[in-house]
Amino acid sequence: MNKILLFELNTQSLGFDLHYVKEVIENKNIQPVPLAPHFVLGIVNRRGKIFTIINLAALLGVPSKELSPDSRIVILEHKAMDIGILVDIINQTKSVSSPAQKGNKTRLFNSKGKEFCHRVLKFEEGIHLLDLEKFFTFLKEGKFNG
Amino acid sequence: MRNKLVISFTGVILWMLAVNFLSNLIMDSAWKSQALSIAMGLLVGMIFGIYISNSVSKNLFQLVEATTVVSEGDLRQEIEVKATDEIGKLAASFKTMVLNLRQIVANVKKGSHKVIQSSDEVYDSIKKLSGISEQFASEVEKVIGAAQKQFTLLSQDSLALKSISDSVGKIATMANVASLSASRAVKNSYEGKNAAESAISQIQGVFSQVEKSILLTQGLGNKIIKMSRVMEIITDIARKTDMLSLNATVEASKAGEYGKGFGIVAEEIRYLTEESKSSAKEISLLIEEIQSENAAVKTSIGEGVAGINRGRETMGTLIKNFDHIVDEVTKLGGGFEEISIETNRQAMDSKTIAQAFEELTKFAEANSLAMQKSNEVMGDQKKILEQTKASSQNLMNTAHKLNEAVAKFKVADE
């Protein structure tokens with residue numbers, strides 16, 4: 001039984017495994033980094049540690065929304081690699097017993113988005129599950145321009 | 001003649017007596033003597049008779065001749081009278097008669113000539129007169145036409161004048177009314193001025209009230225701003241609590257079975273924060289509304305103040321205008337009074353004129369009627385003239401006839 005964190009990018013509902021979440025922080029004090037890829041917003045200093053913040057909407061090809069007080073930075077942890085992603089709103093956490101089904105029912109994603117979000121949660125229509133393993137692999141490989 | 005007859009008759013009788021005596025002497029027989037005396041008597045009687053008849057009939061014959069000539073109309077002859085007897089007397093009187101007749105006829109002839117001449121002249125004169133009278137009649141007809149026109153024009157004028165007089169009368173009453181209204185207007189404008197002045201003082205009171213309410217709304221605005229700041233803090237706290245509860249949930253899930261109860265608590269906290277967040281949001285919205293309404297009140301009060309300022313200015317000008325109005329209306333009232341007096345006078349005058357015109361119209365009517373009558377009289381005159389003409393013609397004819405009748409008589413060499 002996995003716990004899923006549900007959030008939104010613009011109008012698109014998404015979710016990922018709560019297991020990867022280290023912390024949720026406010027969207028504050030992001031410092032832009034020169035010559036970074038287009039999906040990198042900048043860096044944030046959190047209790048002396050530096051995190052890179054990814055604009056997940058830009059990476060997945062979902063139209064960006066203006067920042068609001070509800071937008072959050074979710075810091076993920078994967079094998080000694082911590083990274084922050086910007087989401088527009090965090091809805092809830094949910095326990096899911098059955099595995100997600102295959103399927104891609106939105107046209108909002110680009111090829112990367114389709115690659116990372118190829119599964120759909122069964123309990124509610126239209127919620128795509130983000131495959132964080134693939135996401136981290138993509139980041140580690142560093143083939144951002146390909 | 002009677003003497004002749006008596007003498008001859010006496011002679012005859014004496015002769016008869018003498019013869020009778022002589023015969024009686026001579027003759028032996030009575031019969032013979034008687035026959036002789038009768039025969040002698042007859043002879044002598046015859047001789048005497050012839051003599052007497054001759055002497056009488058000669059003069060008578062002459063007289064008869066003269067009367068025959070006279071009866072044919074010749075009065076020229078002179079009648080000589082020699083005899084002294086009755087015939088002579090007759091002849092003499094006949095002569096006198098002829099002389100008289102001659103004179104009369106001559107006079108008649110002269111008279112009839114004169115009558116013809118005169119009647120000719122009269123006829124001519126009548127002809128001329130009738131011509132003149134016809135001209136006069138035509139002139140009179142023209143005059144009648146003119147008089148009728150005059151009458152109609154005058155009656156129209158009279159009507160027009162009457163209506164003018166009426167309208168002038170109306171104007172006079174209107175001017176009276178206007179004069180009264182002007183004086184009322186003076187009073188009203190004074191009242192208006194006073195009202196405007198009191199309105200200005202009232203507006204000043206309103207203005208101070210408005211200033212107070214502006215201060216009040218400003219204070220309210222400040223409090224609302226403070227309130228919204230407090231709400232921001234509340235919202236921030238809610239957000240932070242939300243995040244903390246989320247992180248607590250994350251930590252609880254990582255703790256596995258041991259963190260399960262804590263996870264539930266954290267979840268509950270999260271729901272509460274969601275609720276407080278939404279409540280704070282509602283309150284914020286309400287505050288925003290209050291703020292915007294307060295701003296609207298402020299702007300409307302500002303507008304009101306501007307309006308009041310403008311009103312104050314307008315009232316100032318209004319008072320000035322009222323002053324002007326009072327002046328003008330006072331002047332106007334004086335003017336209206338004069339107008340009223342003048343129009344009253346005018347109304348009287350026009351009434352008089354209208355009456356005069358009415359009388360004039362009556363005169364014109366009478367004139368027209370008189371003209372028509374005179375035309376009738378002219379017609380009568382014409383008839384009389386015609387009659388006179390006819391009479392003069394008759395007279396002339398009669399004179400001619402008389403002349404013809406008298407022409408039979410020859411009086412002198414003509």
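This is a predicted model: local features need pLDDT of at least 70, side-chain atom pairs count only at pLDDT 80 or more; totals for chains, interfaces and linings use all residues.
1. The six-stranded sheet. Chain A holds an open sheet built from six strands. Their order across the sheet is E8-E1-E2-E11-E10-E9, and the pairing is mixed. At the edges stand E8(A), residues 89-96, and E9(A), residues 101-102, each of which pairs on one side only. As background, strands of a sheet are joined through backbone hydrogen bonds and may run parallel or antiparallel.

2. Strand E1(A) covers residues 2-9 and is antiparallel to E8(A), with seven bridges between the two. Lys3(A) has Ser95(A) of E8(A) as its bridge partner, and Phe7(A) is partnered in E8(A) by Ile90(A).

3. E1 against E2. E1(A) also pairs with E2(A), residues 12-17, and here too the sense is antiparallel, over six bridges. Leu5(A) faces Phe16(A) of E2(A), while Leu6(A) has Gly15(A) as its bridge partner in that strand. What links the two strands? E1(A) and E2(A) make a hairpin, with two residues between them. One residue of the turn, Asn10(A), has a positive phi of about 55 degrees.

4. E2 against E11. The pairing of E2(A) with E11(A) is parallel. E11(A) spans residues 128-129, and two bridges connect it to E2(A). One place to look is Leu14(A), whose bridge partner in E11(A) is His128(A).

5. The five-stranded sheet. Chain A has a further open sheet, of five strands in the order E3-E6-E7-E5-E4, again with mixed pairing. Its edge strands are E3(A), residues 21-26, and E4(A), residues 40-46, and each of these pairs on one side only. On average, and with direction ignored, neighbouring strands in this sheet are turned by 30 degrees against each other.

6. Chain B in outline. How many helices and strands does chain B have? It has four helices and zero strands, and along the sequence the pattern reads α-α-α-α. Chain B has 414 residues, of which 14% are buried. Taking the contacts in chain B between residues at least 6 apart in sequence, 85% join residues at least 24 apart.

7. H2 and H3 of chain B. Helix H2(B) runs over residues 30-71 and H3(B) over residues 86-254; their axes come within 10 Å and cross at roughly 15 degrees. Because angles under 35 degrees count as roughly parallel, H2(B) is roughly parallel to H3(B). The crossing of H2(B) past H3(B) is left-handed. On the H2(B) side the contact includes Val56(B), Leu60(B), Leu63(B) and Val70(B), and on the H3(B) side it includes Ile87(B), Leu90(B), Phe94(B) and Val98(B). By class, this contact has ten nonpolar and three polar residues, with no charged residues.

8. H3 and H4 of chain B. Helix H4(B) covers residues 260-407, and its axis comes within 2 Å of that of H3(B), with a crossing angle of roughly 175 degrees. Are the two helices roughly parallel or roughly antiparallel? Angles over 145 degrees count as roughly antiparallel, so H3(B) is roughly antiparallel to H4(B). Sorted by class, the contact of H3(B) with H4(B) has 79 nonpolar, 51 polar and 22 charged residues.

9. The contact between the chains. Nine residues of chain A and seven residues of chain B take part. On the chain B side, the residues touching chain A are three nonpolar, three polar and one charged.

Conventions:
Residues are numbered from 1 along each chain as its sequence is written. Chains are lettered from A and ligands numbered from 1 in the order in which they are written. Two strands pair if DSSP finds at least two bridges between them. Two residues are in contact if their C-beta atoms, placed from the backbone, lie within 7 Å. Ala, Val, Leu, Ile, Met, Phe, Trp, Tyr, Cys and Pro count as nonpolar, Asp, Glu, Lys and Arg as charged, and the others, Gly among them, as polar. Axes are lines fitted to C-alpha atoms, for helices over the stretch in contact, and angles run from 0 to 180 degrees between N-to-C directions. Angles under 35 degrees count as roughly parallel, over 145 as roughly antiparallel, 65 to 115 as roughly perpendicular and the rest as oblique. A crossing is left-handed if the near helix is turned anticlockwise from the far one by less than a right angle, and right-handed if clockwise. A residue is buried if 20 or more other C-beta atoms lie within 10 Å of its own, exposed if 12 or fewer, and partly exposed in between; C-beta atoms are placed from the backbone.
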